Amino acid sequence: MTCSYQPISRLASSLLLPHTSLADATLVAQRCLAAVDQQAIAHGASPLGSHVTVRLGVAALKPDHRSGDDATSLVRLADRALYVAKDGGRHRVEQGVPDCA
């Protein structure tokens with residue numbers, strides 16, 4: 001298979017993994033990081049590094065309508081984890097953990 005692409009500086013995407021624990025979802029994210037490393041895609045225009053890197057936020061949540069946990073809560077957790085990853089540096093995975101009541 002041949003893929004053509006245009007260089008981009010930022011790409012946001014989501015991957016949903018039903019019936020997957022936080023630990024297993026984190027393993028999937030770490031495999032994604034390894035796959036990006038293996039490709040070693042040159043990023044000559046970047047002042048921060050010579051190749052493309054990714055930052056990933058991972059979250060898992062069992063829906064609980066009594067507590068209000070739902071898809072919106074899951075996205076919020078993953079988004080928060082992504083921003084922690086962005087603040088923490090390049091090429092990393094961070095887990096979103098629900099707030100304690």
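This is a predicted model: local features need pLDDT of at least 70, side-chain atom pairs count only at pLDDT 80 or more; totals for chains, interfaces and linings use all residues.
The protein has 101 residues, of which 16% count as buried. Its exposed surface comes to about 8000 Å², and carbon and sulfur atoms supply 56% of that area. When contacts between residues at least 6 apart in sequence are considered, 54% of them join residues that are at least 24 apart.

Helix H1 is made up of 18 residues, and the distance from its first C-alpha to its last is 26 Å, which is close to the 26 Å expected at 1.5 Å a residue. Its buried residues are Ala-25, Thr-26, Ala-29, Leu-33 and Val-36. These residues lie on the same side of H1, because the arc that they cover around the axis is only 105 degrees. Arg-31 and Gln-38, in contrast, are exposed on the other side of the helix.

The largest nonpolar core has five residues in all, namely Ala-25, Ala-29, Leu-33, Val-58 and Val-93. Helix H1, which spans residues 22–39, gives the most to this core, contributing three residues. For Ala-25, when residues up to four places away in sequence are not counted, the residues touched are Leu-17, Thr-20 and Val-58; Val-58 is itself a member of the core.

The side chain of His-91 reaches the backbone oxygen of Leu-33 at 3.4 Å, and a polar contact of 2.7 Å joins the side chain of His-91 to that of Asp-37. If neighbours within four places in sequence are left aside, His-91 is in contact with Leu-33, Val-36, Asp-37, Thr-53, Val-54 and Arg-55. Two of the residues in this list, Leu-33 and Val-36, are among the buried residues of H1, while Arg-55 lies in strand E1, which covers residues 55–58.

His-19, which lies in the segment before H1, has a positive phi of about 60 degrees although it is not a glycine. Its relative accessibility is 86%, and His-19 therefore counts as exposed, the cut-off for that class being over 50%. Ala-40, which follows H1, is found in the loop between H1 and strand E1, and this residue, also other than glycine, has a positive phi near 45 degrees. With a relative accessible area of 48%, Ala-40 is classed as partly exposed, because this class takes in values between the limit of 20% for buried residues and that of 50% for exposed ones.

Methods. Residues are numbered from 1 along each chain as its sequence is written. Side-chain values use heavy atoms; hydrogens and water are left out. A polar contact is a pair of N or O atoms within 3.5 Å; within protein, one must be able to donate a hydrogen and the other to accept it, and residues adjacent in sequence count only if both atoms are side-chain atoms. Contact means heavy atoms within 4.5 Å. Buried means under 20% relative accessible area, exposed over 50%, partly exposed in between (1.4 Å probe, protein chains only). Accessible areas come from the Shrake-Rupley method with a 1.4 Å probe; for residues, only the protein chains shown count as cover. A nonpolar core is a set of buried Ala, Val, Leu, Ile, Met, Phe, Trp, Tyr and Cys residues joined through side-chain atoms within 4.5 Å. Helices (H or I, at least four residues) and strands (E, at least two) are DSSP runs, numbered from the N terminus. The expected span of a helix is 1.5 Å times one less than its number of residues. The arc is that of the directions from the helix axis to the C-beta atoms.
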